[in-house]
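Hello,

Here is the structure for your files. My notes follow below it.

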Amino acid sequence: MNRANGLAGVIPQEIVSLEKLDVLGLEQNSLIGPIPSGFAEGLYRVRLQNNALSGPLPAFPESVLTIQVEENRLSGDLAEAVVNLPNL
């Protein structure tokens, strides 16, 4: 998925059902609301920076190596969100 596409609105929960999704790259858009939870193992890069996402970080699969979420309105404890990501 590419960045800066002029996307607006929420990230649909259905995106987590994409079993072959390895990079979630939706940075530099106008996305709002929470980040969906329940992504499949195999996702290794999350790039959601520069949006207006809110709420806590969800639990990501252990395969995640990189999470970029700066410049959003996220809340919660970052350490708690990444404690089960050994490769991060």
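Val-10 stands opposite Ile-32 in β3. The model is predicted: local features need pLDDT of at least 70, side-chain atom pairs count only at pLDDT 80 or more, and totals for chains, interfaces and linings use all residues. Residues are numbered from 1 along each chain as its sequence is written, and side-chain values use heavy atoms, with hydrogens and water left out.

β1 and β3 (residues 30–33) pair in the parallel sense, over three bridges. Strands are DSSP runs (E, at least two residues), as are helices (H or I, at least four), numbered from the N terminus. Two strands pair if DSSP finds at least two bridges between them.

The open sheet has four strands in the order β1-β3-β5-β7, with parallel pairing. Its edge strands are β1 (8–10) and β7 (73–74), each pairing on one side only.

Now Asn-51. This residue sits in the loop between β4 (45–47) and β5 (52–55). Asn-51 counts as buried because its relative accessibility is 10%. Buried means under 20% relative accessible area, exposed over 50%, partly exposed in between (1.4 Å probe, protein chains only). A polar atom of the Asn-51 side chain lies 3.1 Å from the backbone nitrogen of Leu-31. For the backbone nitrogen of Ser-30, the distance to a polar atom of that side chain is 3.5 Å.

Last, Gly-76. The loop between β7 and α1 (78–82) holds Gly-76. Gly-76 counts as exposed, because its relative accessibility is 67%. Pro-36 is 40 residues away along the chain, and the two C-alpha atoms are separated by 15 Å.

Best wishes

Notes
A polar contact is a pair of N or O atoms within 3.5 Å; within protein, one must be able to donate a hydrogen and the other to accept it, and residues adjacent in sequence count only if both atoms are side-chain atoms.
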